[in-house]
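The following exercises are to be worked with the sequence and the model at hand. Each task is followed by a solution in steps.

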Amino acid sequence: MLRAAAIAERAGVPSVSIVTTPFLQQAAVVSKGVGLPSLPIAEYPGVPMTDGSDGVARKIHDLLPQIVAGLAGAREGIHTRAAEPAARDTIYRGTLDEIQEHFHDNLWSDGLPVIPPTLERVERFLAQTRRRPDDVIGRLLPENRAATVWSIAVNGVMAGCRPEYMPVLLAIVEAIADPIFRAEDAGSTPGWEPLVILSGPIARRLDLNHGQGVMRVGRQANTSLGRFLRLYLRNIAGLRIPPGAGDKGSIAGSFNVALAEDEDTARALGWSTFGADQGFTRDDSVVTVQSVVSISPPIYSAGTRALDHARILADVFGGACSYWSSIGMKYARWEPLLVLGPSIARVIAEDGWSKDDLRRYLHEEVTITARQAETYALQVGATSFTLEAHVKAGVLPAAYAVSSDPDRTVPVFVQPEKIGVLVAGDPGRNQSKGYVNNHIQGGRVSRKVDA
């Protein structure tokens, strides 16, 4: 909303943004990031979705004086960002403990100890790439700060990465700088976390874990790469929890460690790898980044037929996705990820099923009633959401509005081809797990690793 208001203001059209009290700090960060820190705002006190229709009407009426004053008020010019230290400036000297406190006080750390980014350490990272330190990969909202090769190296050091991870760090930032990823929304109220997925030779070369304990902290590459992305979003994009307040995650999770696929198993089964599913070759090293808004319970399944496992996956993975699916339907971007344990993938493949067969099964069997979809959408503020309206707008297929019966069922997965399927985990257990993405926020983006 504030970014749209900034466009209007620059075009000479007065605007006023209605912002609820809990979002005022985040609004200030966004306004500053777009260069208009004095954008007129009318404060709505409280939480509209818990006020009831009468309460909302009364509060909106009370906002009229603020709206009129904002539209009629004087405008300030566009502000530029205050000068920040140059790349090679020494900003602080002290003991290790003093440096930790300094970084914490300036909101530059994620609450964990950081490796001090000395010039010597940063130079080791820069030696791993042909790019110049001042090359700009993109700009990251909400603070609209340039994502430079230098800042990538600095945050890589701080996160505990090794210098040889630098090409991967560059690919990660290229992915999140893509507008499809929408980095500015990584501080939205669902509290979603980005997930880094590594494919191809780089995963083995950097010793990423893809087996027992995958997604657990402990392996340096998996852990530090995941930490780097959250730290980079905090320090460069400006997504900080209070007192920084760029991050509005209501009940948020911690960073995800990086995920790597058991590609040897996938190939042995005759399945394409996850990297190949994103359009790359098996010889390419690839980074994929996408959002994760929630994670399913561990999915245990047993049996010697593909259908034995597919039924359980549909129940549990499908159930984890169902509640949030109406938001995916609203934006026609629904890209959940299913991580299959190697033993489960083996049974499914040896019974003649491909990844696409599994996707089609999930599309056909995982459904939700129209009433549930529209009710769930209402709870998150999509007050005008209906399946019929989205069919008319061309967002959803006609099958979603074959009747007006609120108890008719519709598929949870609008586009089954967008269900990610990846083999990883403990080969000695019958467990899988599902990762639910946050619709258009944190869209799946892949980049080839290239120094």
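**Exercise 1. Describe the hairpin formed by β3 and β4.**

Solution. The model is a predicted one.

Step 1. Begin with the connection: 4 residues lie between β3 and β4 in this hairpin. Within the turn, Asn144 has a positive phi of about 60°.

Step 2. β3 and β4 run antiparallel and are joined by 4 bridges.

Step 3. Locate a pair of residues across the strands: Gly138 stands opposite Ala147 in β4.

**Exercise 2. Determine whether the residues of helix α6 are buried or exposed, and identify the elements against which the buried ones pack.**

Solution. 

Step 1. Apply the cut-off: a residue is buried when its relative accessible area is under 20%.

Step 2. Go through the helix, which spans residues 149–159. The buried residues include Val149, Trp150, Ser151, Ile152 and Asn155, and the count reaches 11 of the 11 residues.

Step 3. Draw the conclusion: because 11 of its 11 residues are buried, α6 is largely enclosed by the rest of the structure.

Step 4. Identify the surroundings. The buried residues of α6 pack against the helices α4 (96–105), α5 (119–126), α7 (166–177) and α9 (220–237), and against the strands β3 (136–140) and β4 (145–148).

Step 5. Inspect what follows the helix: Gly160 comes after α6 and has a positive phi, near 90°.

**Exercise 3. Characterise the packing of α5 with α6.**

Solution. 

Step 1. Take the geometry. The two helices, α5 and α6, pack at an angle of about 115°, and their axes are 9 Å apart. Their crossing is right-handed.

Step 2. From α5, Leu119, Arg121, Val122, Phe125 and Leu126 make the contact; from α6, Val149, Trp150, Ala153, Val154, Gly156 and Val157 take part.

Step 3. Sort them by class: the contact of α5 with α6 has 9 nonpolar, 1 polar and 1 charged residues.

**Exercise 4. State the domains of the chain and describe how domain 1 relates to domain 2.**

Solution. 

Step 1. The domain assignment gives domain 1 (2–71), domain 2 (96–266) and domain 3 (294–439).

Step 2. Taken over C-alpha atoms, the centres of domain 1 and domain 2 are separated by 32 Å.

Step 3. In the contact, 8 residues of domain 1 meet 14 residues of domain 2.

How values were computed:
Residues numbered from 1 in each chain as written. Predicted model: local features only at pLDDT ≥ 70, side-chain atom pairs only at ≥ 80, totals over all residues. Heavy atoms only, no water. Buried < 20%, exposed > 50% of the residue type's maximum accessible area, 1.4 Å probe, protein only. Contact = heavy atoms within 4.5 Å. Axes fitted to C-alpha atoms, helices over the stretch in contact; angles between N-to-C directions. Left-handed = near helix turned anticlockwise from the far one by under 90°. Nonpolar A, V, L, I, M, F, W, Y, C, P; charged D, E, K, R; others polar. Pairing = 2+ DSSP bridges. Domains from an automatic or database assignment.
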